[in-house]
Amino acid sequence: MSDYIVSLDQTGMDQIDRVGGKNASLGEMIRHLSQAGVRVPGGFATTSVAFQDFLDQGGLAERIKRRLETLDTNDVIALAAAGREIRQWVVETPLQPALERAIDDAYATMSAGSGDGFSVAVRSSATAEDLPTASFAGQQETYLNITGIDEVKRRIKDVFASLFNDRAISYRVHHGFDHHKVALSAGIQRMVRSDIGASGVMFTLDTESGFRDVVFITASYGLGELVVQGAVNPDEFYVYKTSLRAGRPAVLRRNLGSKHMRMGYSSGRADGHSVVTNEVPESDRQRFSITDEEAEELAKLAMLIEDHYGRPMDIEWARDGLDGKLYVVQARPETVQSRNSQIIERFDLQQRGKVLVEGRSIGQRIGAGVARVITDLSTMADLRDGDVLVTDMTDPDWEPVMKRAAAIVTNRGGRTCHAAIIARELGVPAVVGCGDATSRLTDGEEVTVSCAEGDTGFVYAGNLPFAQRQIELNAMPEIPVKIMMNVGNPDRAFAFANLPNKGVGLARLEFIINRMIGIHPRALLEYDSLAAELKATIAPHVQAYPSPREFFVTRLTEGIATIAAAFAPHPVIVRMSDFKSNEYANLIGGQVYEPHEENPMLGFRGASRYVADSFRACFAMECEALKRVRDQMGLTNVEVMVPFVRTPDEAAEVVALLEKHGLKRGENGLKVIMMCELPSNALLAESFLQHFDGFSIGSNDLTQLTLGLDRDSGLVAHLFDERNEAVKFLMSRAIAACRKAGKYIGICGQGPSDHEDLAAWLLEQGIESISLNPDTVVETWIDLANRTA
């Protein structure tokens, strides 16, 4: 259009120095991805030349340079004063006449024929912004629902001024960018009516682990600023790229967010603000803000964008409430996990204390320090190096002090909120979306913030000991055995998959049920006949699902699929639930259904439970979840394992029941494995192997049942040793029987994780795979390599 204005559809990534990273990316997508179905609202941008000429008026650029030359950005009071003064200078400087005329013309062309409801977003785009190695996200301002040319021009000047926000000045100094080599472009983009629809952020990898085979999507009602700011806890979706490419159901997991607020258009507010926030009705909070189909469509758009740019991307999206279509409103390189090297840091909490508050974990790290509860920006200077920042939520204004924090805790926000993004970049743990951290944590008390325990982050009382170590993965030596992992927590699956492995030798279904469901399966099946009080307890858990039964099957499917996707194409051996009656009783509603047993370790568990009339319908739900994962999602690397099979007759009955529920041995490549954990299993190995495709030795139960020990009793715990000759005799016999039959033989008990010499002995016996706890994988692998060198 001119030296000062360019239409977005005439720009691209080759013009970052002209229109900044954000606007260049919008133009790139409009020009190259529109035909592929990526919808990007159009508009125009002011150029870097327009900005530089604006600053050159009346010597403004020189005044700014002198003001910043001696500024100490660590002095937050001086920083605030300098930023405020410079921004005022910018706002008071008129737009040069040529720029004003160019904006008038471009806006007239853009709005022609649009009617009275036409509005735009005015966004910032810095020339050093959105590069693959640095994230300037959110540092300059965005103004939504702007109407009329005069208001557009006012907001363009506000955008120019925002280059000198406190956080932007501090960030440039911290990352070595020269203030005077960064210019600003204002993007004027047609608004998507997500105020009456939904919006959010998506990443083309898992933001916590860097796992590349998923698209992670956050979604909430209304305009997307509340999600970006962390003012709401959004819904979350993980979409598996491989299943999506194959045209199969691809949503691995869904997490229902509280979504308590919605940002929409204001109508003539006296304070001049163009947007307003309102509470979301309870009924809307209790359902997902987008459908699975919409999540999959968004993931397809994200993959198209990732493929075009050739790198992981951070994308803002919006669903228009009028036309129902999905739009991309921003896309920039993901700048934290995409830097991953072949060195993994692991944090392990060595002692647990009283949990003060919990929320969403960010960063897979642990930090400790004095809690500093800060409820207002004016007191952020109180935060000292090594303190734990506790606040309602952060925005880019907090960045000058966030780098001082040992950890960050917020009331509000999800995994893509501002606090989460900055915490990842700074390499500190954050627990976000706690709800009431500022009221439950006391200013000045010592706390430990642990994000190393899965999806949930915990804030513990006191300064607790923890270990930190680095694992180098560059060149793991070859060994004559498959090293697999024991994984029961889907939250950690993507991170564990970064370790060297040949799959999962034990995925415990009961761990998934406990973490992701927490309700006795019969209570869900018999929900309508439950006592009112119990029904009221269960109701909030199941409200977002078609039925209580569907809640169980869906959540179980999600847990299995997450682990299976993380380790694909390697096998993932999923053990059917092996709760004892006392453990089932601890689930919500469990006391109603479970018998009291004197020794539940030897009682109603495993195969005996599956074939019992009282549990068959529950077992059917487990089978349905497995069938969905394998047959619908295409994750055929999932194998089934049956625990605690007492007799060959019981084995035959369970295998027949699996087949009845669509899990037939050999069909679609399905293998059915048996836990070899009773002495009878090893002694009659040949008989049991007629019904199964192999054994996985459960050394924990095999040891206690061979030696007559209760492994839960501290009185005889010193006698528990998987290396006992009697136990080794039975393990050796099971290995030999499987080898002779040409069937799978592995071990998934605790023994090899605790005793490297036992792992070496198993290798000598001809074990095919050793499944270890994740924290012992690298050390055991290296030890076995040294022993076999």
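Helices (H or I, at least four residues) and strands (E, at least two) are DSSP runs, numbered from the N terminus. The model is predicted, so local features need pLDDT of at least 70 and side-chain atom pairs count only at pLDDT 80 or more, while totals for chains, interfaces and linings use all residues. Residues are numbered from 1 along each chain as its sequence is written, and side-chain values use heavy atoms, with hydrogens and water left out.

**View 1. S769 in strand 30.** S769 belongs to strand 30, residues 769–772. With a relative accessible area of 1%, S769 is buried (buried means under 20% relative accessible area, exposed over 50%, partly exposed in between; 1.4 Å probe, protein chains only). Not counting residues up to four places away in sequence, S769 touches V481, K482, M484, Y744, I745, G746 and I747; contact means heavy atoms within 4.5 Å.

**View 2. E764 in helix 30.** Helix 30 covers residues 756–765 and includes E764. The relative accessible area of E764 is 62%, so E764 is exposed. Between the C-alpha atoms of E764 and T788 the separation is 9.7 Å, and the two residues are 24 residues apart along the chain.

**View 3. Packing of helix 5 on helix 6.** Helix 5 (residues 97–111) packs with helix 6 (residues 149–161) at an angle of about 125 degrees, and their axes are 11 Å apart. Helix 5 is therefore oblique to helix 6. Angles under 35 degrees count as roughly parallel, over 145 as roughly antiparallel, 65 to 115 as roughly perpendicular and the rest as oblique. Axes are lines fitted to C-alpha atoms, for helices over the stretch in contact, and angles run from 0 to 180 degrees between N-to-C directions. From helix 5, L99, E100, I103, D104 and Y107 meet I149, V152, K153, I156 and F160 of helix 6. The contact of helix 5 with helix 6 contains seven nonpolar, no polar and three charged residues. In this classification, Ala, Val, Leu, Ile, Met, Phe, Trp, Tyr, Cys and Pro count as nonpolar, Asp, Glu, Lys and Arg as charged, and the others, Gly among them, as polar.

**View 4. Packing of helix 1 on helix 11.** The angle between helix 1 (residues 16–33) and helix 11 (residues 292–309) is about 100 degrees, with their axes 12 Å apart. Helix 1 is therefore roughly perpendicular to helix 11. S25, E28, M29, H32 and L33 of helix 1 make the contact with L304, I305, H308 and Y309 of helix 11. By class, the residues of this contact of helix 1 with helix 11 are five nonpolar, three polar and one charged.

**View 5. Helix 13 and its surroundings.** Helix 13 (residues 418–426) is mostly covered, with eight of its nine residues buried. The buried residues are H418, A419, A420, I421, I422, A423, R424 and E425. They pack against several elements, including helix 7 (166–174), helix 8 (225–229) and strand 15 (355–362). G427 follows helix 13 and has a positive phi, near 75 degrees.

**View 6. Helix 19 and N637.** In helix 19 (residues 548–567), 19 of the 20 residues are buried. N637 lies in the loop between helix 23 (616–632) and strand 26 (638–642). N637 counts as buried because its relative accessibility is 10%. Leaving aside neighbours within four places in sequence, N637 is in contact with A564, F567, A568, P569, H570, P571 and V572.
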